[in-house]
2 protein chains.
Amino acid sequence: MGVPFDPKLSKLFRALGDDTRLLIMEQLRQRNDQSLFELCARLIEEHDITLTRQAITRHLNTLEEAHLITTAWRGRTKVHSLTADSFEETINPWLQPFFKGDVE
Amino acid sequence: MGVPFDPKLSKLFRALGDDTRLLIMEQLRQRNDQSLFELCARLIEEHDITLTRQAITRHLNTLEEAHLITTAWRGRTKVHSLTADSFEETINPWLQPFFKGDVE
DNA sequence: TTTACATGCAACACAATTGTTGCATAAAGA
DNA sequence: TCTTTATGCAACAATTGTGTTGCATGTAAA
């Protein structure tokens, strides 16, 4: 049978399966605690992404539901950060057997 | 700006963002060179997946277009295998900066 | 209190994905 | 040749995903 299957994993991969969301991940990797407006501004400036604020919000929600980012309120702005250990805990355990390449 | 963006990456993640396809990857990790019918049989027996042959074919095509698996003809059967180094070449370079956690 | 700011939510349109059924092709064997 | 086996492809329906517009909510500042 192999690995007991984690239903969170496909959701996590699906969340990463979009160019805009990968750019958001890249932005947050460079700098945590960014507000929605900061992220919109940087995506427009650095990557010519022209989406409405609401569209970006939905991408952020998708990433949050996949536990890839976390949010916190600071005054009236909501700041977004990478979930520190999401990769170590989810992707990496799944990925390791493929790296080893042993057929058992 | 950061990393020069690889458009193949989101496609690869999206291909992994489906439970059935993750099960196929798991099957092929355990044993390469499986035909369509072998895969169908094992998915039904071991994971209670009840999909038609045509549905499995489309999942296999999705994985192949993402360069996660490769195919070869052996007589009149088409056998499927993992693309040996797809993870090392695509996911891993992208993943590393997140592991390090350095903010530059 | 009024204004501006930051975000949330719902409805709608459009596109992409997923799975089915039905038929086609092509090769191996009786 | 006829049948079986293994696969491919197209059309259709149902679902999900993506992005927009418009309006609502709540908080900080003037």
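**How the terms apply to this predicted model**

Chain A has five helices and three strands, where helices (H or I, at least four residues) and strands (E, at least two) are DSSP runs numbered from the N terminus. This is a predicted model, in which local features need pLDDT of at least 70 and side-chain atom pairs count only at pLDDT 80 or more, while totals for chains, interfaces and linings use all residues. Residues are numbered from 1 along each chain as its sequence is written, and side-chain values use heavy atoms, with hydrogens and water left out.

Q: Why are α2(A) and α4(A) called roughly perpendicular to each other?
A: The axes of α2(A) (residues 19-30) and α4(A) (residues 53-65), lines fitted to C-alpha atoms over the stretch in contact, come within 10 Å and cross at roughly 75 degrees. Angles of 65 to 115 degrees count as roughly perpendicular, and therefore the term applies to α2(A) and α4(A).

Q: What makes the contact of α2(A) with α4(A)?
A: Contact means heavy atoms within 4.5 Å, and the residues that make this one include I24(A) and M25(A) of α2(A) and I56(A) and L60(A) of α4(A).

Q: How do you know that β2(B) and β3(B) pair?
A: Two strands pair if DSSP finds at least two bridges between them; β2(B) (residues 69-74) and β3(B) (residues 77-82) have six bridges, in the antiparallel sense, and so they pair. Within β3(B), K78(B) is the bridge partner of W73(B).

Q: What percentage of the residues of chain A count as buried?
A: Buried means under 20% relative accessible area, with a 1.4 Å probe and protein chains only, and 43% of the 104 residues of chain A count as buried.

Definitions and conventions
Chains are lettered from A and ligands numbered from 1 in the order in which they are written. Axes are lines fitted to C-alpha atoms, for helices over the stretch in contact, and angles run from 0 to 180 degrees between N-to-C directions. Angles under 35 degrees count as roughly parallel, over 145 as roughly antiparallel, 65 to 115 as roughly perpendicular and the rest as oblique. Buried means under 20% relative accessible area, exposed over 50%, partly exposed in between (1.4 Å probe, protein chains only).
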